[in-house]
Amino acid sequence: MRMLLLFIFFTPLTFCFGQQQFDSVAVTKFQNDLNAEYANAKTSPLLAEDLANFKSLDFYPADETFFVVAKFVRTKKEKPFEMKTTTDRKPMYVKYGEVYFTINESDFKLNVYRNIALSKQKKYKNHLFLPFFDLTSGKESYIGGKYIDLEIPKGDTLAIDFNTSYNPYCAYNYKYSCPIVPLENDLNIEIKAGVKKFHE
């Protein structure tokens, strides 16, 4: 599935939808599925020399602190825009909404986006893209931030599990073209969840 989408999105699409409470089993499945993808030469973004020695990605321990049920606010009449990437490719996105949530008694807001080309495919018509930076970026986690895959909610809340956040393919291989996290999605908190950086 992911390899078929590389020409549109150039990121792994690991969907973990429908969950409204923290589920450590779901996090373990996410980790196992991601490791299986990266260990498989047909689906892995890793360079050949890294794939030859690959055992597992480095994950933060699953932590319920970083599972939130956010308030979702749909932003209407947004104009599509060209999202910057690590190359000269500029895919069209639209800001679809805003999510408001609390972690450790501090309030945060992030924008969620919709890939225009991807949304035209029936299977992914409800897909939302949540890229973010946090205070671990460039230290314990990838300097370019991380991504989370979500689905358009039916109501005014959206479950976000940062334990399922992952690195763009660019963290592993320079040949990919990856969306650059918009500056407005920079969190002033350490999100110690999801995938850590690949190389020291």
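Which helix holds Ala48? In this predicted model, Ala48 lies in helix H3, which spans residues 48-52. Ala48 has a relative accessible area of 61%, and it is exposed because that value is over the 50% cut-off. Asn173 stands 125 residues from Ala48 in sequence. In space, the C-alpha atoms of Ala48 and Asn173 are 9.8 Å apart.

The interior was examined next. In soluble globular proteins, nonpolar side chains tend to be buried together. The largest nonpolar core here has 24 residues. Those with the most contacts inside this core are Val99, Phe101, Ile103, Ile160, Phe162, Leu187 and Ile191. Several strands give two or more residues to the core, among them S1 (67-74), S3 (92-103), S4 (106-115) and S5 (127-132). Strand S3 supplies the largest share, four residues. A second, separate core has 23 residues, including Tyr38, Leu46, Leu57 and Cys178.

Ile160 shows how residues from separate parts of the sequence meet. With neighbours within four places in sequence left aside, Ile160 is in contact with Phe66, Phe67, Val68 and Ala70, among others.

The side chain of Glu98 makes a polar contact with the side chain of Tyr100, at 2.5 Å. Residues up to four places away in sequence are not counted in the following list. Glu98 touches Lys71, Phe72, Val73 and Thr75, and also Lys109, Leu110, Asn111 and Val112.

The loop between S3 and S4 contains Asn104. Is Asn104 buried or exposed? Asn104 has 58% relative accessibility, so it counts as exposed, the cut-off being over 50%. Ile143 lies 39 residues from Asn104 along the chain. The C-alpha atoms of Asn104 and Ile143 are separated by 24 Å.

Open space was considered last. Rolling a probe the size of a water molecule over the atoms shows where empty space is left. The second largest pocket holds about 150 Å³ of space. It is lined by 14 residues, and the closest to its centre are Asp58, Lys196, Lys197, Phe198 and His199. By class, the lining of this pocket has six charged, five nonpolar and three polar residues.

Methods
Residues numbered from 1 in each chain as written. Predicted model: local features only at pLDDT ≥ 70, side-chain atom pairs only at ≥ 80, totals over all residues. Heavy atoms only, no water. Core = buried A, V, L, I, M, F, W, Y, C linked by side-chain atoms within 4.5 Å. Buried < 20%, exposed > 50% of the residue type's maximum accessible area, 1.4 Å probe, protein only. Contact = heavy atoms within 4.5 Å. 1 Å grid on protein atoms, 1.4 Å probe; cavity = no way out; pocket = protein on both sides within 12 Å on 5 of 7 lines; lining within 4 Å. Points joined across faces, edges and corners; volume = space filled by probe spheres on them. Nonpolar A, V, L, I, M, F, W, Y, C, P; charged D, E, K, R; others polar. Polar contact = N/O pair within 3.5 Å; in protein donor to acceptor, adjacent residues only side chain to side chain.
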